[in-house]
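Grab a pencil and work through these exercises one by one. Try each task yourself before you read the solution.

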Amino acid sequence: MAKFKLDEIDHQILDMLIDNTRVPFTDIAKKLVISAGTVHVRVKKMEDAGIIKGSSLTLDYKQLGYSFIAYVGVFLQKTSQTKFVLERINEIPYVTVAHITTGKFNVFCKIRAKNTEHAKEVIFMIDDIEGVYRTETMISLEESLNDKKRLMHSIFNEM
């Protein structure tokens, strides 16, 4: 499949959509002095090329009572148990991210909880999964960086 080429207009459209996925195409069009139809066609082409994969909603978990974040490194008894363990982890809604990793941990998870007591319960749920040897937890004191735009701009500059 041929590599899709993005131009400056595509970059600007993506820039605005990253800020707010719900921004109307008419607002983007006005800002870029192009038609809303052009914005629609370009977004559709980027979706078809797999550059844009859906859109997401950003929740303020703190406002919802889930301000506690921890990262849990999971050690497995055998790496052949990875798929089974990930399927069990997927059943725990408080685990929001899980990666198969190299190095110290077999699986690395991000959890969200109400407080330390709730986090302990979630970690014990992970510990209780058959095949989990042990876990190691790191508490997040603050999310200091979560910037999707910096990487996007670096990628655009390399193109």
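**Exercise 1. In which strand does Thr 135 lie?**

Before we start: this is a predicted model, where local features need pLDDT of at least 70, side-chain atom pairs count only at pLDDT 80 or more, and totals for chains, interfaces and linings use all residues. Residues are numbered from 1 along each chain as its sequence is written, and side-chain values use heavy atoms, with hydrogens and water left out.

Step 1. Find the element: Thr 135 sits in strand S4, which covers residues 132-140. Helices (H or I, at least four residues) and strands (E, at least two) are DSSP runs, numbered from the N terminus.

Step 2. Check the cover. Thr 135 counts as buried because its relative accessibility is 16%, and buried means under 20% relative accessible area, exposed over 50%, partly exposed in between (1.4 Å probe, protein chains only).

Step 3. List the neighbours. Setting aside residues within four places in sequence, Thr 135 is in contact with Val 72, Gly 73, Val 74, Phe 75, Ile 123, Ile 126 and Asp 127; contact means heavy atoms within 4.5 Å.

Step 4. Look for a polar partner. The side chains of Thr 135 and Asp 127 make a polar contact at 2.9 Å. That term stands for a pair of N or O atoms within 3.5 Å; within protein, one must be able to donate a hydrogen and the other to accept it, and residues adjacent in sequence count only if both atoms are side-chain atoms.

**Exercise 2. Is Thr 82 buried or exposed?**

Step 1. Thr 82 belongs to helix H4, residues 82-89.

Step 2. Its relative accessible area is 12%, so Thr 82 is buried.

Step 3. Not counting residues up to four places away in sequence, Thr 82 touches Leu 76, Ile 100 and Val 107.

Step 4. A polar atom of the Thr 82 side chain lies 2.6 Å from the backbone oxygen of Thr 79.

**Exercise 3. Which residues is Ile 28 in contact with, leaving aside its neighbours within four places in sequence?**

Step 1. Go to helix H2 (residues 25-32), where you'll find Ile 28.

Step 2. Ile 28 has a relative accessible area of 0%, so it is buried.

Step 3. With those sequence neighbours left aside, the contacts of Ile 28 are Ile 13, Met 16, Leu 17, Val 23 and Val 39.

Step 4. Take Met 16: it is 12 residues from Ile 28 along the chain, and their C-alpha atoms are separated by 7.3 Å.

**Exercise 4. Where is Val 33 placed, and what is its phi near?**

Step 1. Val 33 is in the loop between H2 and H3.

Step 2. Its phi is near 55°, a positive value in a residue other than glycine. For background, most residues other than glycine have a negative phi.

Step 3. Val 33 is exposed, because its relative accessible area is 73%.

**Exercise 5. How many helices and strands does the chain have?**

Step 1. Count the elements: there are six helices and four strands.

Step 2. Read along the sequence and you get the pattern α-α-α-β-α-β-β-α-β-α.

Step 3. Finish with burial: buried residues make up 31% of the 159 residues in the chain.
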